[in-house]
Amino acid sequence: QLLTDKTISVPLMFIVFIPAWNETHGWNALKSSSVLTQHVLLSQKDDPHYYCEGTQHRRTKARYRVASFDTSVFFLQNKLAKIKWHV
C-alpha cells in the first residue's frame, strides 16, 4: 500500500531477496504485484551466489553461505522511484 499511496511525494523502492520457490504464496504475491518493475532470477547452478544468515554475527567461520537454491530478486517501486532509478 505504501508504494501505491498517491500522497507519498518521495521516491520509494524496495529490493526483496527470497528463495525462488514459485509455489509459495509470498513469491506469487511479489511476482504479481502492481508495483513490480523488475524480477531477476539467480540460478544456483549457473550463477553461484552467497547470502548472510540472520545469525552471521555468531558465526565463527565463514560469514557467507553458498546458496543451495535459486534466488529471486524483486524490485518494487512507486512512480517517482521509476523516474529516479531505472532498473
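This is a chat about a predicted model of a protein chain.

Visitor: What share of the residues is buried?
Guide: Buried residues make up 21% of the 87 residues. As for the surface, the protein chain exposes about 6,500 Å², and carbon and sulfur atoms supply 56% of that.

Visitor: Let's switch to the sheet. Which strands are in it, and in what order?
Guide: The open sheet has 3 strands, in the order S1-S5-S2, and the pairing is antiparallel.

Visitor: Which strands stand at the edges?
Guide: Those are strand S1 (13–19) and strand S2 (36–42). Each has a single partner strand, so one side of each is left without a neighbour in the sheet. From one strand to the next, the twist averages 15°.

Visitor: How many bridges join S1 and S5?
Guide: S1 and S5 pair over 7 bridges, in the antiparallel sense. To pick out one spot, valine 16 has phenylalanine 74 in S5 as its bridge partner.

Visitor: And how many join S2 to S5?
Guide: There, 6 bridges do the joining, and S2 and S5 run antiparallel. Look for valine 40, which stands opposite valine 73 in S5. Leucine 41 stands opposite serine 72 in S5.

Visitor: S5 keeps coming up. Is S5 mostly covered or mostly open?
Guide: S5 is mostly covered, with 7 of its 7 residues buried.

Visitor: Which way do the residues of S5 point?
Guide: Thr71, Val73, Phe75 and Gln77 point one way, while Ser72, Phe74 and Leu76 point the other way. All of them are buried.

Visitor: New topic: which residues make up the largest nonpolar core?
Guide: That core has 8 residues in all: Leu3, Leu12, Trp27, Leu30, Val35, Leu36, Phe74 and Leu76. Helix H1 (25–31) and strand S5 (71–77) each supply at least two residues of this core.

Visitor: I'll take Val35 from that set. What is valine 35 in contact with?
Guide: If you leave aside its neighbours within four places in sequence, valine 35 is in contact with Leu3, Thr4, Phe75, Leu76 and Gln77.

Visitor: What about the chain as a whole, how much of its contact comes from residues 24 or more positions apart?
Guide: Such residues account for 67% of the contacts in the protein chain with a separation of 6 or more.

Visitor: Last one, glutamine 1. Where is it found?
Guide: Glutamine 1 is found in the segment before S1.

Visitor: Is glutamine 1 buried or exposed?
Guide: Glutamine 1 is exposed, because its relative accessible area is 87%, and exposed means over 50%.

Methods:
Residues are numbered from 1 along each chain as its sequence is written. This is a predicted model: local features need pLDDT of at least 70, side-chain atom pairs count only at pLDDT 80 or more; totals for chains, interfaces and linings use all residues. Side-chain values use heavy atoms; hydrogens and water are left out. A nonpolar core is a set of buried Ala, Val, Leu, Ile, Met, Phe, Trp, Tyr and Cys residues joined through side-chain atoms within 4.5 Å. Buried means under 20% relative accessible area, exposed over 50%, partly exposed in between (1.4 Å probe, protein chains only). Helices (H or I, at least four residues) and strands (E, at least two) are DSSP runs, numbered from the N terminus. Contact means heavy atoms within 4.5 Å. Two strands pair if DSSP finds at least two bridges between them. Axes are lines fitted to C-alpha atoms, for helices over the stretch in contact, and angles run from 0 to 180 degrees between N-to-C directions. Accessible areas come from the Shrake-Rupley method with a 1.4 Å probe; for residues, only the protein chains shown count as cover.
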